[in-house]
Each structure stands twice: as structure tokens, then as C-alpha cells.
Amino acid sequence: MPQLIPFYFINQLSFSFLTLLALIYIISKYFLPLFTFQQVIRMYITKLNNK
Amino acid sequence: MSFLGLRKWPTPVAKPLWPFIAAGTITYFLVAKAQDMGVKSEAYAKDPRNPYAAQIAKESHH
């Protein structure tokens with residue numbers, strides 16, 4: 001099984017860590033804030049409507 | 001800055017993630033040591049797929 005062969009360990013680890021870091025960066029900077037923004041807007045709309 | 005047309009938000013990334021990045025660095029060094037030990041072990045030292053086979057053969061002769 002290639003994943004258990006020692007000379008591929010660092011290669012696997014490097015690719016996994018770089019992919020994870022890139023995904024976390026892109027998702028937290030570009031996609032997750034949109035959900036927060038939507039919740040904030042909904043709160044504003046609700047409060048303004050209640051007044 | 002935009003990515004696929006979406007704007008960039010000032011979310012902190014380094015501040016909450018620094019312990020995990022530090023742990024990842026330590027893991028990287030430990031796995032490198034484990035790889036070195038595994039590559040020089042009897043089971044894999046003479047494996048034809050081993051890219052370090054020639055180096056190990058030289059070192060063992062010296």
C-alpha cells in the first residue's frame with residue numbers, strides 16, 4: 001500500500017498540509033464571512049421592522 | 001482583492017491557527033525522522049523503488 005511505504009511519508013504530509021492550509025485560508029477569507037453577513041443583515045431587517 | 005468575484009474579508013487566520021501550525025511543524029520534523037529510519041531499515045533499504053537505495057548502499061559500504 002503506497003501510503004505505508006516510508007519514502008512517500010513526507011510527500012503525503014506536504015501535500016496534505018498545503019492543501020489544508022489553502023482550503024482553510026480561502027474558506028475563512030471568502031466564503032464563511034458571507035454567512036455571518038447574511039445573519040447580520042437579517043438581524044437588522046428584523047429590528048428595523050419591529051420598530 | 002477578489003476570488004472568483006467574491007470580496008475578501010479581514011478574517012484573522014494566523015491568530016487562531018498558530019498552535020496548529022506549530023504542531024504541524026513539529027509533526028513534519030518527526031515524520032521526517034520516521035521516514036529516515038524507515039528508509040534505512042532492513043525491509044526497505046534494498047527495495048528497488050527506494051530513491052535513496054544508492055546512497056544507503058554507499059554509506060553501508062563505508
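These notebook entries record what I looked up in a predicted model of chains A and B.

**Conventions.** I number residues from 1 along each chain as its sequence is written, with chains lettered from A and ligands numbered from 1 in the order in which they are written.

**Entry 1: the interface.** I looked up contacts (heavy atoms within 4.5 Å) and found 26 residues of chain B touching 21 residues of chain A. The buried area is about 2,100 Å², and carbon and sulfur atoms give 77% of it; this is the accessible area (1.4 Å probe) that the two parts lose on being put together, summed over both. I find 7 residue pairs in polar contact across the interface, both residues at pLDDT 80 or more. A polar contact is a pair of N or O atoms within 3.5 Å; within protein, one must be able to donate a hydrogen and the other to accept it, and residues adjacent in sequence count only if both atoms are side-chain atoms.

On the side of chain B that touches chain A, β1 (2-3), β2 (6-7) and α1 (14-40) of chain B each supply at least two residues. Helices (H or I, at least four residues) and strands (E, at least two) are DSSP runs numbered from the N terminus. The most comes from α1(B), with 10 residues.

**Entry 2: Gln35(B).** I placed Gln35(B) in helix α1 of chain B. Gln35(B) counts as buried because its relative accessibility is 8%, the limits being under 20% for buried, over 50% for exposed and partly exposed in between (1.4 Å probe, protein chains only). A polar atom of the Gln35(B) side chain lies 2.8 Å from the backbone nitrogen of Ile10(A).

**Entry 3: Phe7(A).** Beyond neighbours within four places in sequence, I list among the contacts of Phe7(A) Gln35(B), Val39(B), Asp47(B) and Arg49(B). Phe7(A) also belongs to the largest nonpolar core, with Ile5(A), Val39(B), Ala45(B) and Ile56(B). Such a core is a set of buried Ala, Val, Leu, Ile, Met, Phe, Trp, Tyr and Cys residues joined through side-chain atoms within 4.5 Å.

**Entry 4: salt bridges.** I counted 1 salt bridge over all chains and 0 between chain B and chain A, taking a side-chain nitrogen of Lys or Arg within 4 Å of a carboxyl oxygen of Asp or Glu. Asp47(B) pairs with Arg49(B), the closest N and O atoms being 3.1 Å apart. Asp47(B) is buried, at 12% relative accessible area.

Terms used:
Predicted model: local features only at pLDDT ≥ 70, side-chain atom pairs only at ≥ 80, totals over all residues. Heavy atoms only, no water.
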